[in-house]
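Please describe this structure for someone who is meeting it for the first time.

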Amino acid sequence: MSATDRVALVTGAARGQGAAIVARLVEDGFRVAAVDLLIDELHAGVADFGDEVVAIGLDVTSAEQWQAAVDTAVRRFGAVSTLINNAGVLHRASLDEETPDGFEDSWRVNCLGPFLGVQATLAHLRRADDASVVNTCSTGAIRAFPNHAAYGSSKWALRGLTQVAAAELASAGIRVNAVFPGPVETPMLDPLTQRRLAETSVSGRLGRPAEIADAVAFLVSRHASFITGSELIVDGGQCLQIG
């Protein structure tokens with residue numbers, strides 16, 4: 001399979017990291033199924049890519065919508081060789097203020113969604129050469145942050161899912177890895193939070209979406225052909241800080 005035959009499905013593709021990942025993969029010769037709930041933003045964001053990208057609406061917590069999205073991608077491009085589970089939600093609440101719905105909603109998007117994505121694409125990944133999955137975890141799955149019970153635990157679960165999938169699918173030639181972004185300049189973080197995190201960062205700034213996209217591009221490339229079950233931290237040194 002040549003680079004131009006490679007087809008990636010990227011979730012959370014309308015803005016931020018997801019949009020940057022789509023742009024980088026197109027630059028690397030992929031055709032891309034860009035999926036998101038924010039369908040109007042998604043269409044606007046991918047308009048300049050022409051036939052190399054198809055925009056597809058998707059609620060990642062719905063198995064039926066996952067199947068429809070994969071079917072659409074395969075009809076358009078003939079295959080799915082790469083899955084980027086990038087969609088996620090950041091939900092903050094203290095333990096005494098967290099609600100069952102808030103907790104469960106985080107888990108459904110951040111962990112159930114990637115699981116459903118792997119299930120929906122698996123038959124196609126098995127048929128592809130150099131198939132690869134990358135899950136977007138978080139430094140919240142490395143160290144504990146207060147008031148992040150739902151978000152942090154869901155990302156810890158995604159970290160575990162990544163490891164299980166890597167172990168189970170290695171014999172099929174499917175590589176499964178994860179990126180662990182630190183704070184990044186995206187709409188997920190409000191301006192006040194971005195400023196506070198930049199001021200306390202050992203690097204003096206936040207990450208840029210393109211820097212996360214570079215890490216994803218490496219993990220799905222042939223330069224990473226002997227890498228599976230890997231956890232690539234892209235945090236500007238956040239996890240080096242104490243307290």
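At 44% relative accessibility, Asn-147 counts as partly exposed, a class that lies between buried (under 20% relative accessible area) and exposed (over 50%), as found with a 1.4 Å probe on protein chains only. Asn-147 sits in the loop between β5 and α5, where helices (H or I, at least four residues) and strands (E, at least two) are DSSP runs numbered from the N terminus. The phi of Asn-147 is positive, near 65 degrees, in a residue other than glycine. Asp-130, in the loop between α4 and β5 (132-136), likewise has a positive phi, near 55 degrees, and is a residue other than glycine. Most residues other than glycine have a negative phi.

## Basis of the model

The model is a predicted one, in which local features need pLDDT of at least 70 and side-chain atom pairs count only at pLDDT 80 or more, while totals for chains, interfaces and linings use all residues. Residues are numbered from 1 along each chain as its sequence is written, and side-chain values use heavy atoms, with hydrogens and water left out.

## The nonpolar cores

A nonpolar core is a set of buried Ala, Val, Leu, Ile, Met, Phe, Trp, Tyr and Cys residues joined through side-chain atoms within 4.5 Å. The largest one here has 30 residues, and those with the most contacts inside it are Leu-9, Ile-56, Trp-66, Val-133, Leu-169, Ile-174 and Val-176. At least two residues of this core come from each of β1 (7-10), β2 (31-36), β3 (53-57), α3 (63-77), α4 (100-127) and α5 (149-169), and α4 gives the most, with 6 residues. Apart from this core lies another, of 26 residues, among them Ala-20, Ile-21, Leu-25 and Ala-55.

Leu-169 touches Val-118, Leu-122, Arg-126, Ile-174 and Val-176, when residues up to four places away in sequence are not counted; contact here means heavy atoms within 4.5 Å. In soluble globular proteins, nonpolar side chains tend to be buried together.

In α3, Trp-66, Ala-69, Val-70, Ala-73 and Phe-77 are buried. These residues cover an arc of only 95 degrees around the axis, which puts them on the same side of α3, the arc being that of the directions from the helix axis to the C-beta atoms. The buried residues of α3 pack against β1, β2, β3, β4 (82-85) and α4, whereas the face turned away from the buried side carries the exposed residues Glu-64 and Arg-75. After α3 comes Gly-78, whose phi is positive, near 90 degrees.

β3 is mostly covered, with 4 of its 5 residues buried. Strands β2 and β3 run parallel and are joined by 5 bridges, where two strands pair if DSSP finds at least two bridges between them. The bridge partner of Asp-36 is Gly-57 in β3.

Leaving aside residues up to four places away in sequence, His-124 touches Val-70, Val-74 and Val-80.

Pro-183 lies in the loop between β6 (175-181) and α6 (191-200) and is buried, with a relative accessible area of 16%. Pro-183 and Arg-208 are 25 residues apart in sequence and 8.9 Å apart in space, C-alpha to C-alpha.

Helix α7 (residues 209-220) has 12 residues and reaches 17 Å from its first C-alpha to its last, close to the expected 16 Å. The buried residues of α7, including Pro-209, Ile-212, Val-216 and Leu-219, pack against α1 (16-27), β4, β5, β6 and β7 (231-234).

How values were computed
The expected span of a helix is 1.5 Å times one less than its number of residues.
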